[in-house]
Amino acid sequence: MASSEQEILAGLAEIVNEETGLPTDSVQLDKSFTDDLDIDSLSMMTIVTQAEDKFSVTIPDDEVKNLVTVGDAVTYIAGAQA
Amino acid sequence: MSTPPTVVVTGVGATTPLGGDVPSTWRAALAGTSGARTLPYDWVTQYELPVTFGAPLAVPAADVLPVPQQRRMDPSAQFAMIAAREAWADAGTPEVDGERLGAVVASGIGGVWTLLSAWDTVKERGARRVLPLTVPMLMPNSPAAYVSIELGAKAGSHTPVSACASGAEAIGYGVEMIRTGRADVVVAGGTEAAIHALPMAAFAKMQALSTRNDDPAAASRPYDADRDGFVLGEGAGLVVLESEEHARARGARVYARLAGVGMTSDAYDIAPPDPSGAGQERAMRLALQDAGLSPADIAHVNAHATSTPAGDGVEAAAIHRTLGDGVVVSGTKSMTGHLLGGAGALETIFTILAVQNRTAPPTINVDRLDDGIEIDVATSARELRATGDLAAINNAFGFGGHNVALVATSA
């Protein structure tokens, strides 16, 4: 079943929190993974892998570089679920 | 030529089957507590393991470390990090130039949990599902690297790998780093997290493990006539080593001196020790010589004493030949189980505390001393020589014929 964008954001925030310890409420749509959340490329790959499981989607490795902000990821996951 | 620095111990840290830190572990050891129990994991029955018990941590790492650290570290690194933080705080968080601070953290097996779960992922879900931190998590130097990062240790970080001698070898190496002038302070020890189906199946297959499934607490019984193998434990022990000059200058509390290091190899067999015990004896003699002591100076030995039928007898004979009758021997694996790469480090901590407290911890489960064991085994906590300088040896031996003996003396 497809999740709403709000549900995807909340789910991503949980994954980011477990991976990095950042509080969930710091994970906002307009935040950049690297510039605002200080997530390195290895952690980003881990987060993407977790997100694939959580939302039953596939995010190709080539696509990850285009996911600059949390909003980019939410939009991509919502689209992939549709 | 200037004399090499004297090396002292100013901090200790551990997480073990007996406790989540050194004070609780030491109290449990003096009380003769067993850390062995039936393992509550599904895989024990799922894979029909012939041995259903071990000595897991008393306080799971998951109760101590934040989730992000758990996710980025193999359990072996998690245990080392817990012990490193305790040891560093216990030493009073020494102020030291990072370039004069080293980290030597050993492991016998390395990140076996990470390796095997990543392999499961590849088989079940394909290569692209493997997590990108898999290699930094499984590599055996990961605990040393994490400790060096945590403390800013830039004089060098190293990982001796010598099976069950690894933890003691790491401490010996740390001593040498200070003596040779590479560092003023070194955090050193060992860690292991091998309570996993594969190592347990493999150790069981070589008949190294006790199969006393109906009575885990009685299974590790060094020197007892009915011993039938070791109990697999897990955990880490780390010490803060420091040049005496550096420690005195900052007014640090000193537990003991690490006065002698002896390391030899049997060059005999990949698993059992040379039955003559010659390599073990030579390690103890070299450690004595290094410390400038004679056999009569040694009051206590924390023996390697795993509770295997062959190993204990060889070591007991080597101790007796080297040190004679006047020495009190403890086999603390009777309580902790065998921490493999963590064992020699935890037992060095026990040796240091025995010297500091003038008390030898007990060897539990010795109901009937095996014939031919000529050493004085402490079956309950025993006071060591009431007055005067005190010296003790910790022995650690590993598959492949690695022999390490360390001498601790009262500060």
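In this predicted model, strand 4 (residues 101-107) of chain B runs parallel to strand 6 of chain B, and seven bridges hold the two together. Within that pairing, B:S107 sits opposite B:T191 of strand 6. On to the next neighbour: strand 6 of chain B also pairs with strand 7 (residues 235-243) of chain B, this time antiparallel and through eight bridges. Here B:V187 faces B:V240 of strand 7.

Strand 6 itself, spanning residues 185-192 of chain B, is mostly covered, with eight of its eight residues buried. B:V185, B:V187, B:G189 and B:T191 point one way from the strand, while B:V186, B:A188, B:G190 and B:E192 point the other way, and all are buried. As for the record, an unreviewed UniProt entry annotates residues 4-410 of chain B as "domain: Ketosynthase family 3 (KS3)". That span is 35% helix and 20% strand, and its end C-alpha atoms lie 19 Å apart.

Now to the charged pairs. Side chains of opposite charge can pair when their charged atoms come close. Searching the whole structure turns up 27 salt bridges over all chains. One of them brings together the side chains of B:R125 and A:D53, at 2.6 Å from N to O. B:R125 belongs to helix 5 (residues 112-125) of chain B and A:D53 to helix 2 (residues 41-55) of chain A, so this pair joins two chains. B:R125 counts as partly exposed at 45% relative accessibility, and A:D53 also counts as partly exposed, at 37%.

The side chains of B:D290 and B:R179 meet at 2.8 Å, N to O. Since B:D290 lies in helix 11 (residues 278-291) of chain B and B:R179 in helix 8 (residues 166-179) of chain B, the pair ties together parts that are 111 residues apart in sequence. B:D290 is partly exposed at 32% relative accessibility, and B:R179 is partly exposed at 21%.

B:R221 and B:D367 make a further salt bridge, with their closest N and O atoms 2.8 Å apart. This one links distant parts of the chain, 146 residues apart: B:R221 comes from the loop between helix 9 (197-205) and strand 7 of chain B, and B:D367 from the loop between strand 11 (359-360) and strand 12 (376-377) of chain B. B:R221 is buried, with a relative accessible area of 3%, whereas B:D367 counts as exposed at 65%.

Conventions. Residues are numbered from 1 along each chain as its sequence is written. Chains are lettered from A and ligands numbered from 1 in the order in which they are written. This is a predicted model: local features need pLDDT of at least 70, side-chain atom pairs count only at pLDDT 80 or more; totals for chains, interfaces and linings use all residues. Side-chain values use heavy atoms; hydrogens and water are left out. UniProt positions are given in the numbering used here, feature names are shortened, and annotations may be inferred rather than shown by experiment. Helices (H or I, at least four residues) and strands (E, at least two) are DSSP runs, numbered from the N terminus. Buried means under 20% relative accessible area, exposed over 50%, partly exposed in between (1.4 Å probe, protein chains only). Two strands pair if DSSP finds at least two bridges between them. A salt bridge is a side-chain nitrogen of Lys or Arg within 4 Å of a carboxyl oxygen of Asp or Glu.
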